[in-house]
Amino acid sequence: VTEETVRFGRPTTELPVINALEAGFRKSLVTYEVKENKTLSEHKETNAETIFVDLQPKSEIKYVPGDHIGVMPVNRKEIVDAVLERLRGVEDLDKIVQLKIMKETLTPTGTVKNWERYERLPPASIRNIYTRFLDITTPPTTKVLKYLAESCTDEAEAEQINELVTDSNKYHDWISFHYPHLAEVFAQFPSCRPQAALLATLLSPLQPRFYSISSSLLAHPQRVHITVAVVVYKTQNGEGPMHYGVCSNYLKSLQPGDEIIAFIRHKPSFQMPKDISAPLILVGPGTGIAPFRGFWHHRRHLIKELVSHNPGPVWLFFGCRYKSMELYKEEKEEAVLDGTLHKARLALSKEEGDHRKYVQALLEDEGAEMTRLLVEEHGHFYVCGDCKMADDVEQKLEEIIQKHGDMTKEDAKEFIDSLRNENRYHEDIFGI
Ligand code: FAD
C-alpha cells in the first residue's frame with residue numbers, strides 16, 4: 001500500500017461506535033454504565049493506586065466468578081490530539097469516513113482499478129479511528145518508522161529514523177529508554193507528517209484489556225465489579241515523562257453515568273467447584289485478589305441465601321508491598337466474621353518492621369493443614385496475578401507438599417501434576 005493507493009472515502013453505512021467496534025473486532029459487545037468509581041488503595045510515594053469500578057450492562061449478561069470482562073479502551077485525548085495535528089490528508093476529523101484501498105485487477109481489456117473497503121477498519125470518523133481503533137501508544141514498529149522516515153521533510157530527521165529501522169541495537173535501546181508513544185515520536189521528529197490513511201493501515205489495532213470480574217451475579221444481579229491497578233510510570237529510567245496505561249487510566253477517568261463498551265470472556269478453568277464442601281486455597285497478591293472477591297461474594301450468597309450445607313474451608317492469601325495498599329480489608333474481615341472465609345492472611349513485602357514477607361511465607365506457615373486439605377480433602381488451589389509470582393508459589397507449594405505430605409521431590413511434583421489433571425490447580429495469570 002502506498003499513499004496513492006489508500007484514501008478515506010464516503011462510507012456506504014454510518015455505524016454507531018458500538019457497532020463499528022463490533023464490526024472491527026468481530027465481537028458481540030455490550031454498553032455498560034458506570035455506577036461507581038472509587039479508589040480502593042493508594043500509595044502516593046510510589047504512585048500506586050487501585051480502583052474499584054461498578055458497571056451496569058445495558059443488556060442482559062451472564063458470567064460466573066472467575067470470568068473476565070474485556071474492556072474496549074479509549075486512547076488519551078492529549079495523545080490523540082497531538083497525533084491528529086500532524087496527519088496529512090484530513091478534511092474533517094469528525095465526519096464518518098471509510099478507509100479504502102485501491103485494488104488492480106487484470107481483465108482482457110486491461111487493468112481495472114477499484115477502490116475497495118479496507119476490512120480492518122469500519123466506518124468511523126478519523127478522530128474515532130485514532131481514539132478507539134488504533135494503538136498509538138505502543139512504541140512504533142520498524143515498519144511504521146520506515147514510513148515515518150519517508151514522510152519527513154527534513155532529511156537529517158529521516159536519516160535518524162532510518163538508522164533506527166536498520167540498526168536493531170539502536171532501535172531496542174531507543175525503545176527501552178523512551179518507550180515512546182506516537183505523539184512523542186512526532187515531538188522528537190518535528191518534520192514528520194504522515195498521511196492519515198496510510199498510517200492507519202500500518203498501526204496495530206487497539207486491543208481490548210481484560211479484567212478479572214470481582215463480583216457475583218447472585219450477590220449483585222446484572223452488575224460487574226472490577227479491581228484495577230492504575231498503570232503509571234516514568235520512562236528514561238524513571239527520569240522521563242510520565243506514561244499512563246491506556247485502559248486503566250481510561251477507567252480511572254470515568255464518572256458515574258459514563259458508558260464503556262465491553263464483552264464477557266468465560267474462563268472455565270478458573271471456576272469454583274460445584275461441590276461446595278471442597279476446600280479452597282486462594283492465593284492472590286495485588287490485583288490478583290480480583291476474582292476471589294467474586295468467589296467470596298458468590299459463596300456467601302450460596303451459603304446464606306440458598307442454605308447450602310457443609311461448605312468447605314476457604315483460605316485467602318493476599319499480599320502487597322505496604323499496609324496502605326491492602327485491598328478489601330473491611331470486606332475480608334466481614335467475610336471471616338460471617339464464616340464465608342475461614343482465613344484471610346496478609347503478607348506485606350516492603351513495610352518497615354520485621355514482618356516483611358511474601359504470600360509464599362504465609363503458605364509455609366499454614367503448610368501442614370494446607371497439605372492435608374489438598375491431599376486428603378480434595379481441596380482446590382487457585383493462584384491469580386503475575387507470572388513470576390505464580391511460578392514462585394508453585395515452587396513453594398511443591399516444597400510444602402514434599403515436607404508435610406512426606407513425599408520425595410518427584411512425588412510432590414507428580415502430586416501437583418495430578419492436581420492440574422483433576423482440574424484442582426487453577427491459574428489466572430496476567431502480566432509478566
Ligand atoms: P497499557 O497501555 O497496556 O500499558 C502497559 C504497558 O506499559 C506494559 O505492558 C509495559 O509495556 C508498559 N509498562 C508498564 N509499567 C511500566 C514501567 N514501570 N516501565 C516501563 N514500561 C512499563 N489488571 C488489573 O488491574 N486487574 C485485573 O483484574 C486484571 N485481570 C487481568 C486478567 C487477564 C486474563 C489479563 C490478561 C490481564 C489482566 N489485567 C488485570 C491486566 C490488564 O488487562 C491490563 O494489562 C492493565 O490494566 C494495563 O493496561 P493499560 O491499558 O492500562 O496499560
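## Ligand contacts

A polar side-chain atom of Tyr233 lies 3.4 Å from an oxygen atom of the ligand. Taken alone, the ligand exposes 990 Å², of which the protein buries 66%. The model is predicted.

One, in Phe210, is 2.7 Å from an oxygen atom of the ligand; another, in Thr227, is 2.8 Å from a nitrogen atom of the ligand.

## The shell around the ligand

## Aromatic pairs

The count of aromatic pairs comes to eleven. In one of them, the ring centres of Phe292 and Phe295 are 5.5 Å apart and the planes are at 75°, so the pair is edge-to-face. Both residues lie in helix α10 (residues 290–305), three residues apart, about one turn of the helix. Phe292 counts as buried at 0% relative accessibility, and Phe295 is buried with a relative accessible area of 1%.

Phe295 also pairs with Tyr382: the centres are 5.2 Å apart and the planes at 85°, so this pair is edge-to-face. Tyr382 is buried, as is Phe295. Ring pairs link Phe270, Phe292, Phe295 and Tyr382 into a cluster.

## Charges over rings

Arg7 lies over the face of Trp115, 4.1 Å from the ring centre. Lys343 lies over the face of Trp315, at 4.9 Å from the ring centre.

Notes:
Residues numbered from 1 in each chain as written. Predicted model: local features only at pLDDT ≥ 70, side-chain atom pairs only at ≥ 80, totals over all residues. Heavy atoms only, no water. Polar contact = N/O pair within 3.5 Å; in protein donor to acceptor, adjacent residues only side chain to side chain. Areas by Shrake-Rupley, 256 points an atom, 1.4 Å probe, with all protein chains shown as cover. Phe/Tyr/Trp six-rings, centres within 6.5 Å; stacked < 30°, edge-to-face > 60°. Helix = DSSP H or I, 4+ residues; strand = E, 2+ residues; numbered from the N terminus. Buried < 20%, exposed > 50% of the residue type's maximum accessible area, 1.4 Å probe, protein only. Lys NZ or Arg CZ within 6 Å of the ring centre and 35° of its normal.
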